[in-house]
Amino acid sequence: LCMFMFQYSPGNTVNNATGFYIKFFGGENPAPLDEIEPAHVRRYLDWRKDTPGGANNEIGYLSAIFNYAREQGWTSKENPCRNVKKHNKKRREVYIEDYLYQAVYQAASQQMRDLMDIAYITGQRPVDIVGIHSSHIHEGILHISQQKTGAKLRFEISGQLKEIIDRIRPDNGYLFLNSHGKPLARAALSRKFLELRKTVMQQRPELAEELSAFQFRDLRAKAATDIYLAADTRSASDQLGHTSEQMTKIYIRRGKILKPLK
């Protein structure tokens with residue numbers, strides 16, 4: 001099942017999840033498909049409780065692949081994910097203040113600074129940032145097709161975005177590479193950011209509590225919030241690639257400053 005997912009599942013997000021499946025269900029004695037029970041799914045969710053949103057998504061992928069296996073006649077067993085209660089997912093309310101952003105930014109490598117800058121100035125998801133390729137650049141325009149929704153966005157390559165692209169010069173490849181010269185993976189970006197955050201927390205213990213809540217993906221919400229504060233919800237929706245302003249409101253973490261009545 002894990003090898004099937006790795007080969008046929010679309011997108012880096014699902015393929016990253018495959019690593020967790022292999023670690024939990026695999027090992028020296030991989031779990032046969034027909035032996036996976038709802039109790040195992042429950043244990044998997046508990047095992048991944050530190051990232052409840054990711055765990056819920058991974059069980060969703062597992063359920064979809066299990067249904068496909070049933071359709072193909074690989075198993076007649078009922079889907080073990082069915083009726084297993086997932087984690088309650090609270091709406092994220094974290095807003096990264098400028099001083100927290102700068103504290104992390106100042107301690108970051110040049111590559112991480114570039115990643116943070118592009119994430120903030122474009123408002124795109126981490127998976128789409130690491131996926132930027134030279135083939136996405138045409139006549140001064142950066143084209144991004146969002147992996148999650150398929151939304152197609154175009155960004156004028158100017159200002160800070162132009163400075164970053166001109167400096168890196170991805171003539172025929174990905175903008176961001178790992179230490180082995182391979183495309184930087186979404187999971188690797190998360191690990192690098194957590195390592196950086198840990199370092200900054202040690203350097204700035206007075207900010208440790210606030211920094212502990214800082215995740216790279218929060219830069220998308222910071223972008224949405226700052227655009228909303230400077231303009232309006234519609235502008236933030238356009239930047240994030242949302243089809244509705246209601247969806248964008250989830251990412252807006254601060255209200256506009258209001259004046260009291262005179």
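Val41, Tyr44 and Leu45 in α3 meet Ala55, Asn56, Glu58 and Ile59 in α4; contact means heavy atoms within 4.5 Å. This is a predicted model, where local features need pLDDT of at least 70, side-chain atom pairs count only at pLDDT 80 or more, and totals for chains, interfaces and linings use all residues. Residues are numbered from 1 along each chain as its sequence is written, and side-chain values use heavy atoms, leaving out hydrogens and water. Helices (H or I, at least four residues) and strands (E, at least two) are DSSP runs, numbered from the N terminus.

Helix α3 spans residues 38–47 and helix α4 residues 52–71. They pack at an angle of about 150°, with axes 9 Å apart. The two are therefore roughly antiparallel, a label for angles over 145 degrees.

Now look at the cores. A nonpolar core is a set of buried Ala, Val, Leu, Ile, Met, Phe, Trp, Tyr and Cys residues joined through side-chain atoms within 4.5 Å. Buried means under 20% relative accessible area, with a 1.4 Å probe and protein chains only. The largest core has 36 residues. Met112, Leu115, Met116, Ile118 and Phe216 touch the most other members. A second, separate core of 11 residues includes Leu45, Ile59, Leu62 and Cys81.

Finally, find Gln124, in the loop between α6 (110–122) and α7 (126–130). Gln124 counts as buried because its relative accessibility is 1%. Its side chain reaches the backbone oxygen of Thr122 at 3.0 Å. The side chain of Gln124 also reaches the backbone oxygen of Gln239, at 2.9 Å.

Note on methods: Buried < 20%, exposed > 50% of the residue type's maximum accessible area, 1.4 Å probe, protein only. Polar contact = N/O pair within 3.5 Å; in protein donor to acceptor, adjacent residues only side chain to side chain. Axes fitted to C-alpha atoms, helices over the stretch in contact; angles between N-to-C directions. Parallel < 35°, antiparallel > 145°, perpendicular 65-115°, else oblique.
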